[in-house]
Amino acid sequence: MAQQTDIKYLTPIAVDIRKKKYCRFKKSGIKYIDYKDGEFLKRFVNEQGRILPRRLTGTSLKYQKKVAQAVKRARHLALLPFVTDNLKSNN
Amino acid sequence: MLNHYETVFIMTPVLSEEQMKETVKKFENVLLDKGAEIVHQENWGLRKLEYPIAKKTSGFYHLFEFVAEGSVVKELELQYRRDEKVMRYLTVSMDKHAIAYAEKRRNLRKERAAVAETEAAPVAEQPAENTNNE
């Protein structure tokens with residue numbers, strides 16, 4: 001019984017047409033992602049400080065790798081937290 | 001082979017302003033002694049850390065951008081590890097995009113500093129003049 005309701009819940013409800021995702025780095029011609037700019041990198045992590053997947057941000061693979069690299073460097077220098085709660089609400 | 005490197009390190013907040021400058025000077029000398037050419041340096045001052053390191057919640061950040069042989073990095077990092085005033089360090093080699101970005105960032109900061117100075121000057125004329133003369 002419970003399973004049935006679960007499945008019902010998971011089935012996609014009518015989805016309206018979404019805007020096409022794009023890679024912001026490709027679009028605006030950014031070649032280098034700076035690990036020193038913590039505020040900028042906060043756009044690519046969720047509230048707990050985890051790196052957002054490409055499927056959510058739309059970043060291309062080439063730049064997703066660079067984002068990940070930059071976030072990890074920033075974490076090492078304590079410019080970004082490894083884990084927190086409410087990262088976004090603090091700012 | 002000469003490479004472009006960028007290094008950031010964090011010093012403990014227990015230091016006084018002067019001790020901090022001394023430490024920076026020390027590492028500057030380490031670089032210069034090894035024949036590195038310092039392209040740029042920045043002091044970010046006392047900054048809050050996003051998470052505590054060695055039970056400290058803030059630290060002095062300093063950045064060096066330099067051109068040197070790879071062996072210099074090894075020596076520099078050895079000195080970092082030996083110095084207990086340094087809590088954290090990171091050295092990265094820069095590719096051409098990074099170098100271009102660093103240059104842009106430098107100019108932007110310079111412009112901003114210049115703007116801030118011209119704006120601040122008429123407001124607090126006398127103290128600004130004093131600091132400039134000294």
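**View 1. The accessible surface of chain A comes to about 6700 Å².** Carbon and sulfur atoms hold 54% of this surface, with areas taken from the Shrake-Rupley method using a 1.4 Å probe, where for residues only the protein chains shown count as cover. The model is predicted, so to speak of local features takes a pLDDT of at least 70, side-chain atom pairs count only at pLDDT 80 or more, and totals for chains, interfaces and linings use all residues. Residues are numbered from 1 along each chain as its sequence is written, chains are lettered from A and ligands numbered from 1 in the order in which they are written, and side-chain values use heavy atoms, leaving out hydrogens and water.

**View 2. Chain A is built with 5 helices and 0 strands.** From the N terminus on, its elements read α-α-α-α-α; helices (H or I, at least four residues) and strands (E, at least two) are DSSP runs, numbered from the N terminus. Take the contacts in chain A with a separation of 6 or more: 63% of them come from residues 24 or more positions apart, a contact being heavy atoms within 4.5 Å.

**View 3. Here is the open sheet of chain B, with 4 strands in the order S2-S3-S1-S4.** Pairing is antiparallel, and two strands pair if DSSP finds at least two bridges between them. At the edges lie S2 (37-53) and S4 (86-93) of chain B, each pairing on one side only. Neighbouring strands are turned by 20° against each other on average, direction ignored.

**View 4. Strands S1 (residues 2-11) and S3 (residues 56-69) of chain B are joined by 10 bridges.** The two run antiparallel, and B:Ile10 has B:Tyr61 in S3(B) as its bridge partner.

**View 5. Two helices lie across strands of chain B.** Helix H2 (residues 70-82) of chain B lies across S1, S3 and S4, at about 160° to S3(B). Helix H5 (residues 61-76) of chain A lies across S2 and S4 of chain B, at about 155° to S4(B). Axes are lines fitted to C-alpha atoms, for helices over the stretch in contact, and angles run from 0 to 180 degrees between N-to-C directions.

**View 6. At the interface, 21 residues of chain B are in contact with 15 residues of chain A.** The chains bury about 1700 Å² between them, 63% of it on carbon and sulfur atoms; buried area is the accessible area (1.4 Å probe) that two parts lose on being put together, summed over both. The rule finds 3 salt bridges across this interface, each a side-chain nitrogen of Lys or Arg within 4 Å of a carboxyl oxygen of Asp or Glu. Look for A:Lys36 and B:Glu6, whose side chains meet in a salt bridge (3.2 Å, N to O).
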